[in-house]
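Q: I'm new to this one and would like a quick tour. Can we start with the terms and then go through the parts?

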Amino acid sequence: MVKRKLIDSDELEGLEARYGPFPRVEVDVPMQPRSLRFYRKVFKRRRGEILFVLRRPSGELLLHTKHKYPPGLYRIPGGGIDWGEPVAESLEREVQEETQLAVVDERLLGMIHYRFSHPSDKHDDVPFVSFVFEVPGIEGEPEAADQSEGISGFKWIPVADLTKVADALRALPEDEEGSGDWGRFRAIGHDFVYEQLG
């Protein structure tokens with residue numbers, strides 16, 4: 001069986017030709033065994049994700065929340081990249097599904113390559129990748145087109161408040177649902193965006 005590539009070097013070269021050089025970071029994310037089993041199963045269906053930073057002309061960026069999130073928790077929207085789906089096409093599809101807003105003059109802020117692991121796990125580490133885009137000049141308000149996404153609200157924040165969002169994600173409790181692992185994983189993308197835009 002041929003192993004599919006999570007990150008394709010030709011695709012990265014194409015993205016660099018289109019958007020210019022962009023930072024690429026690698027992050028090890030320790031997780032509990034239960035979380036690791038969950039992500040190993042989930043990530044079979046996708047090779048990565050888009051994180052999209054939609055910004056108003058004033059500079060504020062969009063966060064969303066979902067019915068399944070803890071009350072008051074918002075984060076940068078994102079969505080999966082299917083196997084065989086080009087990154088740029090994923091961006092347009094996900095922004096449309098989650099906000100119905102147009103993607104114009106997008107900028108690739110960078111790529112985050114994660115490795116999820118636990119010392120007791122006998123399997124390979126679980127890899128995942130986020131391609132992080134900024135979409136400036138957003139006019140109008142978002143509205144989810146795909147109700148199955150479970151989005152229950154949006155809000156706009158200044159870039160400086162991303163540190164508070166990351167802290168809230170990291171503070172999620174260690175529970176049976178894997179909230180703590182999910183929160184630490186998700187905080188990384190917010191830290192990255194703050195480093196690029198703050």
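A: Helices (H or I, at least four residues) and strands (E, at least two) are DSSP runs, numbered from the N terminus. This is a predicted model, where local features need pLDDT of at least 70, side-chain atom pairs count only at pLDDT 80 or more, and totals for chains, interfaces and linings use all residues. Residues are numbered from 1 along each chain as its sequence is written, and side-chain values use heavy atoms, with hydrogens and water left out.

Q: How much space lies in the largest pocket?
A: About 920 Å³. On a 1 Å grid over the protein atoms alone, a pocket is an open set of points with protein on both sides within 12 Å along at least five of seven lines, a cavity is a set of points where a 1.4 Å probe fits but cannot get out, and lining residues have an atom within 4 Å of a point. Grid points are joined across faces, edges and corners, and a volume is the space filled by probe spheres set on the points.

Q: Which element gives the most to the lining of the largest pocket?
A: Helix 2, with five residues. Helix 2 (33-42), strand 4 (78-81), helix 3 (87-99) and helix 5 (179-197) each supply at least two.

Q: How do the residues of that lining divide?
A: Into 15 charged, ten nonpolar and six polar. Asp, Glu, Lys and Arg count as charged; Ala, Val, Leu, Ile, Met, Phe, Trp, Tyr, Cys and Pro as nonpolar; the others, Gly among them, as polar.

Q: And what is the volume of the largest cavity?
A: About 30 Å³. The structure holds one cavity of 30 Å³ or more. The lining of the largest cavity is made up of Leu51, Arg75, Tyr114, Phe185, Arg186, Gly189 and His190, and helix 5 gives the largest share, four residues.

Q: Changing topic: how many residues has the largest nonpolar core?
A: It has 35, and Tyr39, Val53, Tyr114, Phe116 and Val132 have the most contacts inside it. Helix 5 gives the most to this core, with seven residues. A nonpolar core is a set of buried Ala, Val, Leu, Ile, Met, Phe, Trp, Tyr and Cys residues joined through side-chain atoms within 4.5 Å. Buried means under 20% relative accessible area, exposed over 50%, partly exposed in between (1.4 Å probe, protein chains only).

Q: What does Val132 touch?
A: Among others, Leu51, Val53, Phe192 and Val193, not counting residues up to four places away in sequence. Contact means heavy atoms within 4.5 Å.

Q: Where does Ser90 lie, and is it buried or exposed?
A: Ser90 lies in helix 3 and is buried, with a relative accessible area of 0%. Its side chain makes a polar contact of 3.0 Å with the side chain of Glu85. A polar contact is a pair of N or O atoms within 3.5 Å; within protein, one must be able to donate a hydrogen and the other to accept it, and residues adjacent in sequence count only if both atoms are side-chain atoms.

Q: Which value does phi of Gln100 have?
A: Phi of Gln100 is near 60°, a positive value in a residue other than glycine. Most residues other than glycine have a negative phi. Gln100 is in the loop between helix 3 and strand 5, and is partly exposed at 39% relative accessibility.
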